[in-house]
Amino acid sequence: MDNIIDIGLVQLISAYIFVLILTIILRKNRIGKEQDLLIAVTRMTIQLVLVGYILEYIFGSNNLWLTLLALVIMEAFAIRNIFSRIKLPLSTKFKQVIGIAMVTGTLTAMIYFFLVVIGLDPWYEPRYVIPLAGMLIGNSMTGITLGAERLLDGIKRNRHLIEGALMLGANPGRATRDIVNSAFYAAILPTINSMLGMGIIWLPGLMTGQILSGISPLIAIKYQIAIMLGILGAVSLTVIILVNSGIKTFFNTRAQLVLPEGFINGKVRN
Amino acid sequence: MNFILENVKYRQILDIPYLSLTGPGVTCIVGESGSGKTTLLKLLNNLISPDQGQVLYNEVNLEALDPIQLRRQVIMFPQNPSIFPGSIQDNLHLGLEFAGKPLPSVTELNHALDLANLEKPLEAGVEELSGGEQQRLALARLFLLEPEVLLLDEPSSALDDATEVLVLNSINDFAQSREITLIMVTHSKAVANKYAETIITIHNGQVVRNQEVAVRG
């Protein structure tokens, strides 16, 4: 670990020069996206510098409450991000289900992963908890967004099939079974695909980071395998809770299909 | 069998102070497009609930009945019935599965197709069927369920005149042989006059006429 190459300030500035050259090329070619590129680079820099200092402080303090606060903020931002990314109108009940699915699914996966798989002591050790929780929450966020979008779109497109099944005496669960299964599969597909390509097409982030930090690849792969299984568990659990509870928000106690205002004819949010 | 609607209001679509529908037999509901005929059927099937008033089925408020069990006894056949991806047999099986009934023999499935005048093999894919054939497949699916009440919403709307007569006759024969009550929405006065024992006319969500017709043999 002693022979890690630290990136000096001048070297970091040279990385920005690389982007500057790219911006000039964009401008010369009149592609016109250089402003977007500069905003993204600036935001990324400010966010990472801030998070670097915050993490340095939290890791140094090793404080339970600061770790919990970080987890709460991460969950809240993830849930907010899901709401903004879903284009169809969401009912209050469905939003609640998203929140419950995210928190329950990721927390369960975290507790199992941190206590049983890694055996953290203390369990809130921020150096481990925050980055690993970030991976579980981030992947679950993507899974829930995909699952919710597929579920809502399935209900919208297949409304007549759902009502047709209800008219024949199907219960709501049976009438929507194919839509729920398809939403679950769509949500976990990216996780499955990333596991299939892992180690052959690319080296995953956690493993790359550990190897760059001087850790033996043999230790790094153990962490990577464990985190991938944790991600698969967290994504599956959050999405199972989402699709099974989310579909129920579309039915009342009389097993009638109840759609939110503007769900069928309303405008899709941009 | 009887349905009674008391002081039923549903949005701005239906306003029925009192209506009694009795069976077995055929009741036709006629009226212009948008007059509330389909909404009335949906209320009877408990796909929607009235904003005010109550709907009684055999003197019990629908809200007190298990909606799934009710829909297995009082089945609705919409204007554009759902045809699910797969084969004819898959669709017949699905209907039975939805209704919680055991799967019958191939002979019984073919008999249902005969009753609905659909001359296609069970393994044929639904994408091969015309609109009229899909309508008849949906009818065959219905015949296997043997409900107490059939709510039919323009059952022959997708059919040509010759097939319409065949299909309506087969529905009527099926219902008569099993003492099933038919409540049928139709825009055609000729259809109503031919099959109905009672004709209810709806205009702007209100019952404007409730007419007994001579009992047919």
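**Why these labels?**

Tutor: B:Asn117 sits in the loop between α4 (106-115) and α5 (131-143) of chain B; helices (H or I, at least four residues) and strands (E, at least two) are DSSP runs, numbered from the N terminus. This is a predicted model, where local features need pLDDT of at least 70, side-chain atom pairs count only at pLDDT 80 or more, and totals for chains, interfaces and linings use all residues. Residues are numbered from 1 along each chain as its sequence is written, with chains lettered from A and ligands numbered from 1 in the order in which they are written.

Student: Why does B:Asn117 count as partly exposed?

Tutor: B:Asn117 has 17 C-beta neighbours inside 10 Å, and buried needs 20 or more, exposed 12 or fewer, with partly exposed in between. So B:Asn117 is partly exposed. Its phi, near 60°, is positive in a residue other than glycine.

Student: And what makes B:Glu59 exposed?

Tutor: B:Glu59 has 7 C-beta neighbours inside 10 Å, so it counts as exposed. B:Glu59 lies in the loop between β4 (52-57) and β5 (60-61) of chain B, and its phi is positive too, about 70°, although it is not a glycine.

Student: Why is α2(A) called oblique to α5(A)?

Tutor: The axes of α2 (residues 34-61) and α5 (residues 126-157) of chain A cross at roughly 140° and come within 9 Å. Under 35 degrees is roughly parallel, over 145 roughly antiparallel, 65 to 115 roughly perpendicular and the rest oblique. So α2(A) is oblique to α5(A).

Student: How do you know that the peptide bond from A:Asp121 to A:Pro122 is cis?

Tutor: Its omega is near 0°. A:Pro122 lies in the loop between α4 (92-118) and α5 of chain A.

Note on methods:
Axes are lines fitted to C-alpha atoms, for helices over the stretch in contact, and angles run from 0 to 180 degrees between N-to-C directions.
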